[in-house]
Amino acid sequence: MTVNVSIDTSAFDSASAELQRQLPYAGSVALNNVAFRIRGEERSAMGRVFMNPVKLTLNSVLIEKATKLSGRAKVYIRDHATKGTAPSKYLAPAVFGTSRNDKRFERALRFAGLLPAGMYVVPGEGAKLNKHGNISAGTYSKILSQVSASSDPTQNATDSQRSKSKRGATKGYFVGKIEGTLGVWQRVGYKRRRSVRPILVFVKKKPEYRKRFPFFQIAEGIARKYIPIELEKAMERALASAKRR
């Protein structure tokens with residue numbers, strides 16, 4: 001997701017030679033000031049749209065600064081991540097209103113033969129959500145280990161560990177169908193008071209996200225409003241500086 005911020009220089013075709021000489025520098029200064037304005041507003045919008053967005057999300061709006069030669073600044077969403085999914089991928093549904101992409105957790109369950117084709121995972125009533133409204137990465141890892149679906153075989157629980165979980169010694173997760181609901185369940189309690197609760201439910205309808213993060217509209221609105229203002233200020237400073245030389 002990228003927004004290119006540029007200036008229509010055709011209005012300066014009949015300008016004085018000095019004005020045209022200062023335009024590349026003044027233009028780059030103006031574009032960079034506008035790009036930083038856009039980044040600030042995009043971050044503010046994330047705080048309003050998403051519930052307690054994580055730092056990776058807030059810091060995902062990046063800038064490629066304009067130069068006198070390029071005449072263009074870029075504001076874009078980071079398209080890579082050291083761990084996990086890149087912000088440009090997990091924010092896309094909120095920007096475009098598209099269906100949610102398969103999560104790595106879903107792909108792992110499918111590969112292990114636990115999540116049927118055409119089904120997807122949503123939080124169940126027993127799921128504990130963090131302050132960001134998500135199930136923690138640690139919980140996902142524990143589930144994959146308990147159901148032997150981790151991509152790293154050494155992380156999968158042993159038969160002995162699963163046996164302890166069944167006895168209630170640890171929080172045991174398993175995939176099963178209980179009272180017509182297929183999903184990931186968690187054993188809780190001990191002995192006669194033992195029960196299970198749904199942590200993740202498998203559903204046939206692919207989760208969809210409505211458009212709620214107007215990334216492009218925010219950038220275009222700020223660019224339209226502030227490019228003329230910033231360009232005028234930058235040009236005045238450039239001309240004043242040239243006169244002092």
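Q: How much of the chain counts as buried?

A: Of the 245 residues, 38% count as buried. Here "buried" means under 20% relative accessible area, "exposed" means over 50%, and "partly exposed" is in between (1.4 Å probe, protein chains only). Before we go on, please keep in mind that this is a predicted model: local features need pLDDT of at least 70, side-chain atom pairs count only at pLDDT 80 or more, and totals for chains, interfaces and linings use all residues. Residues are numbered from 1 along each chain as its sequence is written, and side-chain values use heavy atoms, with hydrogens and water left out.

Q: Which elements does the chain have, and in what order do they run?

A: Helices (H or I, at least four residues) and strands (E, at least two) are DSSP runs, numbered from the N terminus. This chain has 7 helices and 7 strands, in the order β-α-α-β-β-α-α-β-α-α-β-β-β-α.

Q: How do I read the span of helix 1, and where does helix 1 bend?

A: The expected span of a helix is 1.5 Å times one less than its number of residues. Helix 1 covers residues 17-49, 33 residues in total, and reaches 47 Å from its first C-alpha to its last, close to the expected 48 Å. For a bend, one takes the angle between axes fitted to the seven residues ending at a residue and the seven starting there. In helix 1 the bend is about 45° at Leu23, and Pro24, a proline, follows within four residues.

Q: Is Ser28 buried or exposed, and which residues does Ser28 touch?

A: Ser28 sits in helix 1 and counts as buried, at 8% relative accessibility. Leaving aside residues up to four places away in sequence, Ser28 touches Ala66, Thr67 and Lys68. A polar contact is a pair of N or O atoms within 3.5 Å; within protein, one must be able to donate a hydrogen and the other to accept it, and residues adjacent in sequence count only if both atoms are side-chain atoms. For Ser28, a polar atom of the side chain lies 2.7 Å from the backbone oxygen of Tyr25.

Q: How many salt bridges does a search of the whole structure find?

A: Side chains of opposite charge can pair when their charged atoms come close. The test used here asks for a side-chain nitrogen of Lys or Arg within 4 Å of a carboxyl oxygen of Asp or Glu. The search finds 5 salt bridges. One of them joins Glu230 and Arg37 (3.4 Å, N to O). Glu230 lies in helix 7 (residues 215-244) and Arg37 in helix 1, so this pair ties together parts that are 193 residues apart in sequence. Glu230 is buried at 5% relative accessible area, while Arg37 is partly exposed at 36%.

Q: Which residues are linked with Glu230 in a network of salt bridges?

A: The network links Arg37, Glu230 and Lys233. Between Glu230 and Lys233, the closest N and O atoms are 3.6 Å apart. These two residues are 3 apart in helix 7, separated by about one helical turn. Lys233 is partly exposed, at 35%. Elsewhere, Glu41 pairs with Arg48 at 2.9 Å between the closest N and O atoms; Glu41 is partly exposed at 28% and Arg48 is exposed at 59%.

Q: Where is Asn52, and what is its phi?

A: Most residues other than glycine have a negative phi. Asn52 has a positive phi, near 45°, and is in the loop between helix 1 and helix 2 (55-58). Glu179 also has a positive phi, near 50°, and its place is the loop between strand 5 (172-178) and strand 6 (181-188). Asn52 is partly exposed at 41%, and Glu179 is exposed at 83%.

Note on methods:
Contact = heavy atoms within 4.5 Å.
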